[in-house]
Amino acid sequence: MANSDPTKRPRPGPWPPAPDSTAMPPPSWAKKTGFRPKFSGETNASDSGQIVVPPKPKEPDSNVDLELGRVRPPPAAPAAPAVPAAPVANGVPEGEKVPVPSEKTQTVKKRRNSDGAPVPKSSALGPNGQAPAAPAEPQPRRPARSEEAVDVLPQTVDDDGFVARHSHMKYELRDTPGLVPIGLYGFQHYVSILGSLILIPLVIVPAMGGDHEDTAMVVSTVLFVSGVTTLLHTSFGTRLPLIQGPSFVYLAPALAIINSPEFQGLNGNNFRHIMKELQGAVIIASAFQTILGYSGLMSVLLRLINPVVVSPTIAAVGLSFYSYGFPQVGTCLEIGAVQILLVIIFSLYLRKISVMGHRVFLIYAVPLGLAITWATAFLLTEAGVYNYKGCDVNVPASNMISEHCRKHVSRMKHCRVDTSHALKSSPWFRFPYPLQWGTPVFHWKMAIVMCVVSVISSVDSVGSYHASSLLVASRPPTPGVLSRGIGLEGISSVLAGLWGTGTGSTTLTENVHTIAVTKMGSRRAVEFGACVLIALSLVGKVGGFIASIPEVMVAALLCFMWAMLAALGLSNLRYSEAGSSRNIIIVGLSLFFSLSIPAYFQQYGISPNSNLSVPSYFQPYIVASHGPFRSNYGGVNYVMNTLLSFHMVIAFLVAVILDNTVPGSRQERGVYVWSEPEAARREPAVAKDYELPFRVGRVFRWVKWVGL
């Protein structure tokens with residue numbers, strides 16, 4: 001035996017053994033589907049999407065801090081002469097022990113590479129569209145504040161070129177750039193999200209039987225409450241730069257309550273009576289949401305809420321209003337269709353055009369499209385295009401004798417822009433005050449419906465908190481900070497119920513898109529904009545001007561806003577393995593049943609020739625009068641028929657059950673990674689981002705579930 005001497009035996013290599021250097025590359029189907037074999041003998045670092053950190057000699061500690069879930073900053077090392085590289089097997093030099101990463105480490109690494117950086121043309125994409133590992137390059141030194149935390153957050157690169165990292169933001173969370181930039185960016189932030197703030201009152205007030213003056217008053221109230229609740233949230237909530245306002249999540253239950261059977265035969269002022277019913281339901285649901293947040297129950301529910309649950313739930317909110325969108329646009333196609341096309345052109349085809357460093361068409365797509373279309377409609381109206389001889393737009397169609405006038409009554413009513421007198425009749429100054437519509441009326445069945453919807457609203461906010469924190473903050477919030485934010489949203493909705501906005505107040509989902517596009521993450525800019533919003537709400541003419549927007553233009557804007565909401569919901573899948581068959585099936589089933597099951601409830605018991613008392617686009621919300629649940633308890637029938645006719649409720653139930661019962665790894669499910677409380681307290685950056693002002697947090701430090 002020539003090698004019998006144990007001291008001369010060759011040192012064994014790592015296990016599993018390295019493949020032959022002539023191993024075949026992965027087949028094309030593996031590259032397309034993102035297949036990752038268990039052993040690196042069939043792939044390499046670039047295929048697996050994992051970053052291989054070169055080993056550092058004489059460094060006993062790992063470069064990944066498992067407790068904090070982040071990468072430690074590497075110590076500065078003096079330049080050393082180049083040395084020959086050691087033989088490498090499986091990406092690890094021979095003789096080195098291969099550390100077995102824990103599940104938490106894998107999750108952190110997955111978070112860091114969930115979307116990847118821009119991919120070089122010479123490299124193939126890894127699974128789920130991840131970028132292959134790039135050789136380590138020296139990074140430019142960042143300012144002193146950014147040294148407090150090393151960025152390990154997802155780096156999402158879209159076709160617009162912006163990267164979902166706070167290092168690419170113009171202003172981060174705690175930046176105070178000065179009065180002029182704060183005013184400019186605050187105005188820009190609110191104008192870009194204007195559609196989400198003002199469109200809901202323009203839908204629900206006419207549905208309640210209110211006139212243009214009522215619409216103007218509700219719009220002013222919405223602006224006032226939105227400004228106040230935004231200041232509260234940026235000060236005592238999560239402290240993220242998120243605008244609070246009437247969410248589309250509350251629109252469906254509001255329409256269901258408005259079209260309840262007991263309100264169909266009302267005489268007199270239907271608006272005030274129905275508004276008081278909505279106020280009572282919103283106040284009870286808001287109290288429930290407040291308890292959910294401040295009691296710590298939200299921290300427990302976080303275990304069930306993941307991207308695979310958030311994504312179809314929010315997407316279903318946008319998809320649920322298809323019966324209202326284009327049917328309303330069709331009442332005046334030459335105005336509504338042009339508005340949709342303009343917004344699409346501005347937001348897609350002209351999105352990369354920059355004026356003085358600002359992408360004006362992308363940021364202001366909605367207000368620009370509205371202004372151009374409104375001006376065009378005004379010129380057509382003044383030119384007499386919609387004037388018909390012997391026809392008066394103020395005469396009801398049923399009282400018109402001339403067939404010629406009946407034929408054109410729809411165009412006269414929906415295409416003209418001078419039919420509203422809200423601007424003329426609105427006062428110059430008006431202060432919105434609580435209980436302005438009267439004392440709220442409380443009914444338990446409507447309150448239960450709103451309580452369930454408040455849970456859906458909390459799910460929406462969880463996704464917004466996580467996505468926005470990755471853009472503007474040093475770390476995601478802790479579960480306690482998140483619970484604190486949900487609790488404050490409940491208080492904000494109580495204020496909305498007392499003032500009478502018709503819906504609850506919650507974090508607007510469009511915040512994430514606005515922050516990513518404007519690259520403005522300063523908390524001060526949002527607070528400045530909130531103060532301006534409060535000032536504008538006191539000017540009655542502002543509410544009257546917004547209330548005079550023609551209905552067809554409102555419907556056209558809503559088509560775009562609801563489509564954006566559905567897309568923003570689906571974008572949450574980027575935090576999970578979107579190519580996983582498990583996730584694809586769960587999301588597909590959730591979306592399909594969210595459309596199909598409500599359709600069954602909405603169509604049950606309706607004959608094709610039935611003459612309903614509501615417009616066709618409101619028929620999905622009268623299910624309480626004809627749904628399949630017909631027990632001896634009318635209140636139970638109302639609750640079950642109404643809830644199961646909501647698309648978002650079905651999507652949430654299907655997704656949360658399947659995602660939490662179907663086996664899947666944390667990496668595959670994309671489980672949200674929140675900051676650990678103990679680690680957050682030790683990090684100055686995280687503490688400064690989320691701690692309460694004026695040392696209020698010290699008083700409530702013993703409440704573990706609402707603080708750091």
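Reader: First off, is Cys451 buried or exposed?
Author: Cys451 counts as buried, because its relative accessibility is 16%. Buried means under 20% relative accessible area, exposed over 50%, and partly exposed in between, with a 1.4 Å probe and protein chains only. Keep in mind that this is a predicted model, where local features need pLDDT of at least 70, side-chain atom pairs count only at pLDDT 80 or more, and totals for chains, interfaces and linings use all residues. Residues are numbered from 1 along each chain as its sequence is written, and side-chain values use heavy atoms, with hydrogens and water left out.

Reader: And what about Cys531?
Author: Cys531 is partly exposed, at 44% relative accessible area.

Reader: OK, how many disulfides does the structure hold?
Author: One, taking a disulfide as a pair of cysteine sulfur atoms within 2.5 Å. Cys332 is joined to Cys415, S to S 1.9 Å.

Reader: Where do those two cysteines, Cys332 and Cys415, sit?
Author: Cys332 is in the loop between helix H11 (325-329) and helix H12 (333-349), while Cys415 is in helix H15 (residues 403-415), so the pair links distant parts of the chain, 83 residues apart. Helices (H or I, at least four residues) and strands (E, at least two) are DSSP runs, numbered from the N terminus. Both Cys332 and Cys415 are buried.

Reader: Why is the disulfide of Cys332 and Cys415 right-handed?
Author: Because the torsion about its S-S bond is about 120 degrees.

Reader: Switching to rings: how many aromatic pairs are there?
Author: The structure holds 15. Rings of Phe, Tyr and Trp (its six-membered ring) pair if their centres lie within 6.5 Å; planes under 30 degrees apart count as stacked, over 60 as edge-to-face and the rest as tilted. Among them, Tyr171 and Tyr185 are edge-to-face because their planes are at 75 degrees, with centres 5.3 Å apart.

Reader: Which residues form a ring cluster?
Author: Phe248, Phe321, Tyr324 and Trp562 are linked by ring pairs into a cluster.

Reader: Which ring does the charged end of Lys445 sit over?
Author: The ring of Tyr638, 4.6 Å from its centre. A charge sits over a ring if NZ of Lys or CZ of Arg is within 6 Å of the ring centre and within 35 degrees of the ring normal. Likewise, the charged end of Lys541 sits over the ring of Trp428, 5.5 Å from its centre.
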